[in-house]
Structures are given as C-alpha cells and as structure tokens.
Amino acid sequence: MNIIGLDALVFGVDDIDACSHYLADYGLANAGDGRFEALDGTAIVIRARADRSLPPGPGTASMLRETVYGVADAATLDAIEAELARDRPVTRRGGVLRCADDMGFALAFQVSVRRPLALPAETVNAPGAAPQRGPNALGLSPDMAALPRSLSHVVYFVPDAARAEAFYIRLGFVCTDRFSGVGPFLRPAGTQDHHTLFMIQTPPHMLGCEHFTFHMGGPTEVMLAGTRFVEKGYQSFWGPGRHQLGSNWFWYFNSPLGCHVEYDADMDLHDGAWRARELPMGADSSQLFLFQYRAKWAPSGPPPAGAPR
Ligand SMILES: [Fe+2]
C-alpha cells in the first residue's frame with residue numbers, strides 16, 4: 001500500500017498559547033487554525049484538550065490525539081479501507097479514512113497534502129572528492145535559514161510492540177531495524193526513509209507519543225536550528241548527536257506538547273534489498289556520538305568553567 005509517510009500529528013493540549021509559540025520558535029509556519037507547517041506542508045495541529053472534534057485521548061499523559069498519514073492516491077485509500085474494515089470500524093468522509101490501530105492510536109489516512117520540495121541539501125567539500133560547494137560559496141552565514149522541511153517520524157510508547165508492529169505490517173510497512181525487546185523501526189512502502197514510525201515497549205500507563213521529528217537540510221541545520229532554539233530559552237533534552245540505526249543526526253528538546261520534539265537530518269534510505277538489523281537497546285547502540293550544548297566562547301580569555309585544562 002502506497003503510504004508515503006506522516007502528513008500531520010494532531011495534539012489536544014493544555015496550553016495552546018505556549019504550544020503555538022513553541023512550534024513557531026521551532027521553525028514551523030503558522031498556517032492558522034492551530035496548524036503549524038513545515039516547508040512541504042506537513043504539519044503539527046494543536047487543539048484544546050477538551051475539543052470535542054478530536055478523537056478521544058489514550059487516557060494517559062500523552063496529548064497526541066491523531067496520526068495523519070499521507071498516501072499516494074485514492075486507490076491506496078480503497079486498499080487500506082478494504083484491509084482494515086475486516087476487523088474494525090472504519091469511516092470515510094471528505095476523502096479521509098479514520099480508524100484506530102491495535103494499541104488504540106487514532107489514525108487518519110488521506111491523499112497526501114505534502115508539496116514537492118526543490119531545495120538544495122547541505123553541501124560538503126572534502127579532499128579527494130569533487131567540490132560540492134564551489135569557490136566563494138559559503139557553507140555558513142549568521143542569517144542562514146534552518147527551517148524544518150518535512151515531518152519525518154513519530155515514536156509511540158506501546159504496551160505490546162509485537163502486536164502493534166503486526167498491525168502496521170498489514171498496511172505494507174516493513175521493519176528496517178529493531179532494538180531487541182523494545183520495538184521496531186518501520187518504513188511504509190511509499191518512502192525509502194529508514195523509519196516514519198518507531199515503537200518502544202513500555203507499561204500500559206505510558207501509552208502515547210514519545211517524540212516527533214522534522215527533517216532538516218543537513219547536520220549544520222540541525223546544529224543551527226537547535227542552537228537558536230536553546231538561545232530562545234528552550235531546554236535541550238538529548239543531543240546533538242548521531243543515531244546508529246538510521247544514521248540520522250538528532251537533537252531533542254522538551255516541549256509543552258507532552259512529548260519530546262526533535263530536529264533530524266540525513267537519515268538512511270532503504271529498499272527491498274535491505275535486511276533488518278537487531279541490536280540490544282543501550283547508550284552505545286542509540287548513538288555513535290553525543291555532544292552537549294555549551295554557551296558560545298572565544299579563545300581570548302580563561303576557558304569556560306568545567307573545561308579540561
Ligand atoms: Fe527520532
């Protein structure tokens with residue numbers, strides 16, 4: 001089934017004002033009516049927790065209320081409807097198919113609203129390779145844009161990762177890698193991205209969203225956007241660093257949306273020839289390297305407090 005990836009994530013939040021400021025400062029464009037868009041039109045949508053138009057919440061601390069997948073065409077919607085209507089209620093109104101997965105996450109499927117992007121990726125010059133950036137083309141400038149390009153992935157806490165995975169396999173997702181006893185990285189058929197969904201097995205009271213992520217134009221944009229986010233007063237949670245599985249650069253932040261929010265870049269692509277790896281979960285397998293943000297400094301005086309001497 002030609003599911004491309006996430007079109008939107010819909011949250012029912014306690015503090016709409018704080019979430020609106022957060023998402024705008026993160027770099028998403030305020031498209032009105034609680035919708036905050038990346039450059040390709042994929043989005044985070046925020047509503048009041050009590051908004052009766054939202055699907056019911058999971059009954060945990062999670063504020064995620066709906067995961068919206070973009071698909072290639074109406075025939076894919078037909079195929080999803082035929083598959084899922086066999087064992088659960090499915091509605092289809094205004095071109096949107098709605099149901100719940102086997103963990104109770106509310107899902108919507110629609111012909112994708114994402115817009116094609118034509119933007120250059122970050123470029124690198126390296127001895128031994130043809131220059132990617134010619135003479136006088138600068139790699140970095142203080143006013144360089146670093147805006148989220150596309151909604152990349154969502155991570156769920158689930159009480160039964162094997163059962164949760166089986167549901168998505170029915171929709172044509174494939175496992176690209178997994179952490180033993182934790183959960184799978186899943187890629188739908190309409191993208192080569194390493195994952196659009198990752199699941200972590202947890203006790204039932206934690207059911208919900210752990211984080212979501214937008215793709216940036218490269219590692220420099222992750223560092224630049226993350227630095228600007230810290231300078232605006234937001235709290236770094238994990239990163240910057242680079243994951244082992246997926247090879248994506250990452251930087252996670254705390255948020256008022258009841259989950260962490262990540263910037264990522266340069267994720268691996270896979271096709272049907274790939275064989276999934278399985279690793280034990282741990283610090284060494286979660287990242288190849290990890291840095292911690294520090295306030296800026298220049299070598300004109302004593303080293304900053306805590307620096308090695
Ligand atoms: Fe992530």
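**Arg170 and Asp87.** I looked up Arg170 in this predicted model and found a salt bridge to Asp87, with the closest N and O atoms 2.8 Å apart. The pair joins distant parts of the chain: Arg170 sits in helix α3 (residues 161-170) and Asp87 in the loop between α2 and β6, 83 residues apart. I noted Arg170 as partly exposed, at 23% relative accessibility. Asp87 is partly exposed too, at 44%. Both belong to a network of salt bridges that also takes in Glu83, Arg86, Arg88 and Asp102.

**Arg92.** Which residues pair with Arg92? I found Asp78, with the closest N and O atoms 2.7 Å apart. For accessibility I wrote down 32% for Arg92, 41% for Asp78 and 25% for Glu81.

**Whole structure.** I ran the search over everything and got 18 salt bridges.

**Helix α4.** I then turned to α4 (residues 219-231), which has 13 residues and reaches 18 Å from its first C-alpha to its last, close to the 18 Å expected. Its buried residues include Val222, Leu224, Phe229 and Val230, and Glu221 is also one of them. What covers these buried residues? I listed α1 (16-26), β14 (236-242), β15 (249-253) and β16 (260-265) among the covering elements. Just after the helix, Gly233 has a positive phi of about 105°.

Notes:
Residues are numbered from 1 along each chain as its sequence is written. This is a predicted model: local features need pLDDT of at least 70, side-chain atom pairs count only at pLDDT 80 or more; totals for chains, interfaces and linings use all residues. Side-chain values use heavy atoms; hydrogens and water are left out. Helices (H or I, at least four residues) and strands (E, at least two) are DSSP runs, numbered from the N terminus. The expected span of a helix is 1.5 Å times one less than its number of residues. Buried means under 20% relative accessible area, exposed over 50%, partly exposed in between (1.4 Å probe, protein chains only). Contact means heavy atoms within 4.5 Å. A salt bridge is a side-chain nitrogen of Lys or Arg within 4 Å of a carboxyl oxygen of Asp or Glu.
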